[in-house]
Amino acid sequence: MASSPLIAIVCSDRHRNGKTLLARTLVDFLLLEGHDPFVLDLGHPDGALRDYFPGRTALVDFAKIPGQMMVFDTILGAPGRDYVIDVPAPQLSRFCEAMGDLEFRAAANAAGFAVVVLYIVDEPHESLRSAVNVEEILKPDLFIPVANQFVGSALPEPVDGLTLTMERLDADLAPIIGNRRFSFRTFRLGDESGVPLPLRAGLKSFLHGLIGGFREIEPELSLSKLKS
Amino acid sequence: MKPTLILVGADKGGVGKTTISRTLLDFFARKNVLTRAFDTENPRGSLKRFYPTITEIVDLENVAHQMKILDTLETANVPVTLVDLKAGGLSYALDIFERIGVLEAARSGQFTLGLFHIIGSSIASLDEIGEISRYLGGLEYILTRNFINETNFFEWDEETSRKYFANIPNSHEIDIPKLNEMAYEQVDVAGVTFKDFIDNRNADGQAGKFSFVLRGYVRKWCSEIDQEFSRVKLIQDILSGGRPQSKS
């Protein structure tokens, strides 16, 4: 994993296309790697990440200034650990505007962070255009387009640089992994008892694909540093 | 270069005169232009709280204090002198300055005189312009709409502008944009300049612990104000140090 602590921004311009699932998998991956991530869920008041990571998640109302302080001041006030920010679609433009106005990327880099955006490119072509806009506004150290096979994606193939694919999961897995007591980390560590045998291979393949991609983040960041 | 005397005032209270004075002093500090300030809110003077080293509290009715401001314009070796006129003191100050020859001295070119006239969100504020217009010949007059606490302002259109400005030469209009209340409050509580707040410095020069977010909002607000001030000829002349400005 990246040697600089990460600020991973998980976002998309569309609802219900797997952002929270992606953020959740990333947090579990970071925990598996021995990191100590903190989650900022901008989906106030309904954000689900707190259910999965109680004690390391703040549910934030980003429309209000104290919420913005909760995000940016928290991160800069306690550098040295990873942060995962889950940005729901209705907050995306406000989030981008605040990042730009506050010149947060530069401040984060100065504090030693690498800023990575994981953007789920949805099926409509406008989603691809929105992804390009967001990359231009946020100017992260690494921008990773993500295709979720379950909802489809306008992401063309091939694409230069790192991309992630969320494999299609069996619909029968939804209530199982949606349960707040289910943990991808526990499943990866070998406790597969909560998942019926016929569904395990699909879930393993899903996690294998994503985690393989997460492991590419550090080399990609090093490469982009060299290039710059 | 001729010294510049800037008056900041209004005949209505609570329109943000001291805030505008602070933004001007901050602007000049960011541009490395030396300033000194006089606060006529005698005996309290809230401007002095933010700029203790360059601000003196004075009483404009006191002749010795008038001398302190006006007789030292040349000798102070500071290009900009700012006077923050107390609430309701604009007409009074202009009247005194007319009677003792200050306005005439400015008209004859001994120094440059600018007036930032702060108006509130009600159109009734504009009536003040008629009341002071007889003093404004030879001055740089800057009508300043202060939105800092307000989101709703009276409608400003060409007809309104013509009605009030037809007889005022050298007039400009600028807008002071709204600043997020929480950011405004925190700067006030800290008792520091906007510049120090942005730079995360306490009043004693030590590193502060101000919110990154609130500092960012103040920085953005200041850059919007910089753009407004940069449109004003009086300020352009001060920044150019009296040299002709490049047209490039």
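Leaving aside neighbours within four places in sequence, A:Pro88 is in contact with A:Leu42 and A:Gly43, where contact means that the C-beta atoms, placed from the backbone, lie within 7 Å. That's our way in, but a word on the ground rules before we go on. This is a predicted model, in which local features need pLDDT of at least 70 and side-chain atom pairs count only at pLDDT 80 or more, while totals for chains, interfaces and linings use all residues. Residues are numbered from 1 along each chain as its sequence is written, and chains are lettered from A and ligands numbered from 1 in the order in which they are written.

Back to A:Pro88. You'll find A:Pro88 in the loop between strand S4 (83-87) and H4 of chain A; helices (H or I, at least four residues) and strands (E, at least two) are DSSP runs, numbered from the N terminus. Is A:Pro88 buried or exposed? A:Pro88 counts as buried, because there are 21 C-beta neighbours inside 10 Å. The cut-offs go like this: 20 or more other C-beta atoms within 10 Å of a residue's own make it buried, 12 or fewer make it exposed, and anything in between is partly exposed, with C-beta atoms placed from the backbone. The C-alpha atoms of A:Pro88 and A:Val10 are separated by 8.5 Å, though the two sit 78 residues apart along the chain.

Now step back to chain A as a whole. Chain A has ten helices and seven strands. Its radius of gyration is 17 Å, close to the 17 Å that the globule rule gives for 228 residues, so chain A is as compact as a globular protein of that length. That radius is taken over C-alpha atoms, and the rule is 2.2 Å times the number of residues to the power 0.38. The C-alpha trace of chain A spans about 50 × 40 × 35 Å along its principal axes. Of the 228 residues in chain A, 43% are buried. Take the contacts in chain A with a separation of 6 or more, and 70% of them come from residues 24 or more positions apart.

Two packed helices are described by the angle between their axes and the distance between the axes. Helix H4 (residues 92-101) and helix H6 (residues 125-138) of chain A have axes that come within 9 Å and cross at roughly 25°. Those axes are lines fitted to C-alpha atoms, for helices over the stretch in contact, and angles run from 0 to 180 degrees between N-to-C directions. H4(A) and H6(A) are therefore roughly parallel to each other; angles under 35 degrees get that label, over 145 is roughly antiparallel, 65 to 115 roughly perpendicular, and the rest oblique. Here A:Cys96, A:Met99 and A:Gly100 in H4(A) meet A:Val134, A:Ile137 and A:Leu138 in H6(A). By class, that contact has five nonpolar residues, one polar and no charged. Ala, Val, Leu, Ile, Met, Phe, Trp, Tyr, Cys and Pro count as nonpolar, Asp, Glu, Lys and Arg as charged, and the others, Gly among them, as polar.

Most residues other than glycine have a negative phi, and most peptide bonds are trans. The bond that joins A:His44 and A:Pro45 is a cis peptide bond, with omega about 5°. A:Pro45 is in the loop between strand S2 (38-41) and helix H2 (49-52) of chain A.

Where do the two chains touch? The contact takes ten residues from chain A and seven residues from chain B. Helix H3 (residues 65-77) of chain A gives the most to chain A's side, with six residues. That side divides into six nonpolar, one polar and three charged residues.

Of its 248 residues, 40% count as buried. Helix H8 (residues 181-190) of chain B packs against H10(B) at an angle of about 100°, with the axes 9 Å apart. That makes H8(B) roughly perpendicular to H10(B). B:Met182, B:Ala183, B:Gln186 and B:Val187 in H8(B) meet B:Leu214, B:Tyr217 and B:Val218 in H10(B).

Finally, B:Asn32 has a positive phi of about 60° although it is not a glycine. B:Asn32 is exposed, with 7 other C-beta atoms within 10 Å.

Definitions and conventions: Two residues are in contact if their C-beta atoms, placed from the backbone, lie within 7 Å.
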